[in-house]
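Here's a quick tour of a protein model to read alongside the sequence and the 3D view.

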Amino acid sequence: MELNLAPKFAQKIFEGEGGTYYSWSSTEYELLKEAKVGGGRLVLQPRGFALPHYADSNKIGYVLQGSCGVVGMVFPKASEEVVLKLKEGDILPVPSGAVSWWYNDGDSELVIVFLGETSKAYVPGEFTYFLLTGTLGILGGFSTEFNSRAYNISNEEAVKLAKSQTGVLLIKLPEGQKMPHSCKNSTDKLVFNIDAALPDIHVQNAGLLTALTAKKFPFLGEVGLSATLVKLDANAMSSPEYAADSSVQLIYVAKGSGRIQVVGINGERALDAKVKAGHLYVVPRFFVASTIADGEGMEYFSLITATQPVFAEFTGKTSVWGALSPLVLQASLNVAPEFEQLFRAKIKKSTILVPPQN
């Protein structure tokens with residue numbers, strides 16, 4: 001099986017006065033289709049407004065930049081929207097079918113990357129959006145007769161309802177136009193700032209790793225996904241590991257640059273590439289991945305297609321190598337007892353995040 005794991009940048013799908021939306025095409029990056037995952041990136045300018053919409057995929061939004069984001073969400077069967085405030089480092093799960101709108105209430109760009117699973121999507125490997133309003137909106141798709149009868153309004157009012165908004169996807173609101181304020185209680189329950197969270201692993205001169213599951217953030221369970229944020233210091237390493245539960249990892253490089261290696265079936269090095277901010281790549285089921293940051297360090301955000309993922313590491317206290325008995329390890333590596341003992345001693349002192357070599 002030959003898989004093209006080469007990292008890809010997103011393609012511009014739409015650009016307007018209110019902002020820009022980028023997406024990774026499953027035609028250009030076929031592994032997204034195979035792995036049933038997808039990604040997009042939203043850039044909202046000040047006063048930029050993403051018209052209300054819903055999508056065919058569960059996804060997670062991760063705020064890369066901005067401090068004054070506002071999002072409104074209407075869940076199926078809900079009688080009113082919840083309005084949430086977003087800032088850099090925030091994670092917001094977005095269930096499929098939930099209506100949402102997004103607004104930048106600040107004076108600088110608001111940038112959000114969306115990663116999700118597309119097993120039920122119309123186009124495997126991509127998100128399909130259904131807009132409620134605007135020239136591509138559902139309202140405009142129905143005839144005047146249907147709209148007038150559905151909402152008990154006149155034909156003239158039905159035309160006004162469907163045709164007044166001439167924008168597409170992203171618009172810029174007039175200065176002074178007010179938008180709803182966020183509710184702190186809802187934000188605390190539905191948004192999680194992974195940047196501010198206590199890391200699960202912190203190694204001096206190597207970096208930190210923060211894993212996020214429904215156990216820490218219950219609302220994450222609504223989308224059946226989990227996430228990890230890794231911040232590597234200059235020239236540090238994230239040592240080899242794989243998802244032992246058959247989940248897929250979709251990784252977005254948020255900052256910096258580095259080198260990634262992925263080893264798959266029959267010990268083949270499926271990927272050996274430089275990656276930098278803006279790159280997206282997939283680690284297929286059971287493939288083993290490792291990363292080394294460049295001199296500026298590297299941060300990457302991972303979506304995992306499981307609610308409680310199980311990872312197997314090759315270094316650290318829970319190393320697979322360390323768990324094997326000495327005789328089995330010696331026979332498997334075809335080495336003398338002295339080398340097996342040296343290797344085992346090194347493994348016991350190792351960490352999942354590795355500082356740069358002296």
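**A buried threonine to start**

Thr187 counts as buried because its relative accessibility is 14%; buried means under 20% relative accessible area, exposed over 50%, and partly exposed in between (1.4 Å probe, protein chains only). Bear in mind that this is a predicted model, where local features need pLDDT of at least 70, side-chain atom pairs count only at pLDDT 80 or more, and totals for chains, interfaces and linings use all residues. Residues are numbered from 1 along each chain as its sequence is written, and side-chain values use heavy atoms, with hydrogens and water left out.

**Around Thr187**

- You'll find Thr187 in helix α5, residues 184–190; helices here are DSSP runs of H or I with at least four residues, strands are runs of E with at least two, and both are numbered from the N terminus.
- Leaving aside residues up to four places away in sequence, Thr187 touches Val83, Leu84, Lys85 and Ser182, where contact means heavy atoms within 4.5 Å.

**A greasy spot on the outside**

- Ile138, Phe142 and Phe146 make up a nonpolar surface patch, and together they have about 300 Å² of accessible area.
- Patches are built from residues with over 30% relative accessible area and no salt bridge, joining like charges within 9 Å and nonpolar side chains (Val, Leu, Ile, Met, Phe, Trp, Tyr) within 5 Å.
- The areas come from the Shrake-Rupley method with a 1.4 Å probe, and for residues only the protein chains shown count as cover.
- Phe146 sits in helix α3, residues 144–151, and counts as exposed because its relative accessibility is 51%.

**The open sheet**

- Seven strands form an open sheet with antiparallel pairing, in the order β1-β2-β3-β10-β5-β8-β13; two strands pair if DSSP finds at least two bridges between them.
- β1 (11–16) and β13 are at the edges with a single partner strand each, so one side of each has no neighbour in the sheet.
- Inside that order, β5 (residues 58–65) runs antiparallel to β8, and four bridges join them.
- Which residue in β8 is the bridge partner of Tyr62? That partner is Ile91.
- As a rule, side chains in a regular strand alternate between the two faces of the sheet.

- β18 (residues 249–263) and β19 (residues 269–276) run antiparallel and are joined by seven bridges.
- Gly258 has Val275 as its bridge partner in β19.
- Five residues separate the two strands of this hairpin, and Asn266 in the turn has a positive phi of about 60°.
- Gly267 is in the loop between β18 and β19, and counts as exposed because its relative accessibility is 58%.

**Salt bridges**

- How many salt bridges does a search of the whole structure find? The search finds nine, each being a side-chain nitrogen of Lys or Arg within 4 Å of a carboxyl oxygen of Asp or Glu.
- Lys255 pairs with Glu88, their closest N and O atoms being 3.7 Å apart.
- Lys255 is in strand β18 and Glu88 in the loop between β7 (82–86) and β8 (90–94), so this pair ties together parts that are 167 residues apart in sequence.
- Both ends are partly exposed: Lys255 has a relative accessible area of 39%, and Glu88 has 35% relative accessibility.
- Lys216 forms a salt bridge with Asp200, with 2.7 Å between the closest N and O atoms.
- Lys216 is in the loop between β15 (207–212) and β16 (226–232), and Asp200 in the loop between β13 (192–193) and β14 (201–203), so the pair ties together parts 16 residues apart in sequence.
- Asp272 and Arg269 meet through their side chains at 3.3 Å, N to O, and a network of salt bridges links Arg259, Arg269 and Asp272.
- Asp272 is partly exposed at 33% relative accessible area, while Arg269 counts as exposed at 52%.

**What the record says**

- An unreviewed UniProt entry carries the annotation "domain: Cupin type-1" over residues 3–159 and 192–341; UniProt positions are given in the numbering used here, feature names are shortened, and annotations may be inferred rather than shown by experiment.
- Residues 3–159 are 15% helix and 43% strand, and their end C-alpha atoms lie 50 Å apart.
- Residues 192–341 are 11% helix and 48% strand, with end C-alpha atoms 44 Å apart.
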